[in-house]
Amino acid sequence: MTSIIKSLLILVGFFILLFLGLRLIGGFAPGWIVKCKKCGKVRKADEAGIIRVGKLSGISYTIDWCSKCRKIRWHSVEVGSVEYIDK
Ligand SMILES: [Zn+2]
């Protein structure tokens, strides 16, 4: 019984360290952006609450609030930088 608790604690500790590590390297989705399909507004994926680590897959889609359209819109999740964000 105590060994189960011990292994659970190790697991929880592992996830806490993973979480802190991800925060240190720059958010949950470093190198990823979300782009509004309608107006093209770009922002960081980690600000949109998207968790994506590494550059494993191509483009995927998510439904998110667009601050420019002021509506819920489809956004593409892409690898990219936020240097060309229009403010
Ligand atoms: Zn938009």
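Reader: In β2, what is the bridge partner of Lys35?

Author: Val42 is the bridge partner of Lys35 in β2. Strands here are DSSP runs of E with at least two residues, numbered from the N terminus. This is a predicted model, in which local features need pLDDT of at least 70, side-chain atom pairs count only at pLDDT 80 or more, and totals for chains, interfaces and linings use all residues. Residues are numbered from 1 along each chain as its sequence is written.

Reader: And how many bridges join β1 to β2?

Author: Three, and the two strands run antiparallel; β2 covers residues 42–44. Two strands pair if DSSP finds at least two bridges between them. Val34 stands opposite Arg43 in β2.

Reader: What about the hairpin, which residue takes a positive phi?

Author: Gly40, with phi near 85°. The hairpin of β1 and β2 has five residues between the strands.

Reader: How many bridges join β1 to β4?

Author: Five bridges join β1 to β4 (residues 71–79), again antiparallel. Val34 has Val77 as its bridge partner in β4.

Reader: So what is the strand order of the open sheet?

Author: The order is β2-β1-β4-β3, four strands with antiparallel pairing. The edge strands are β2 and β3 (60–66), each of which pairs on one side only. From one strand to the next the twist averages 35°, with axes being lines fitted to C-alpha atoms and angles running from 0 to 180 degrees between N-to-C directions.

Reader: Back to β1. How many of its residues are buried?

Author: Five of its five, residues 32–36. Buried means 20 or more other C-beta atoms within 10 Å of the residue's own, exposed means 12 or fewer, and partly exposed is in between, with C-beta atoms placed from the backbone.

Reader: Which residues sit on which side?

Author: Trp32, Val34 and Cys36 are on one side, Ile33 and Lys35 on the other, and both faces are covered. In a regular strand the side chains alternate between the two faces of the sheet.

Reader: Which residues make up the largest nonpolar core?

Author: Trp32, Ile33, Val34, Val42, Ala45 and Val77. The largest share, three residues, comes from β1. A nonpolar core is a set of buried Ala, Val, Leu, Ile, Met, Phe, Trp, Tyr and Cys residues joined through C-beta atoms within 7 Å.

Reader: New topic: Lys44. Buried or exposed?

Author: Lys44 is buried, because 20 other C-beta atoms lie within 10 Å. Lys44 lies in strand β2.

Reader: How far apart in space are Lys44 and Ser81?

Author: 8.0 Å, C-alpha to C-alpha, though 37 residues apart in sequence.
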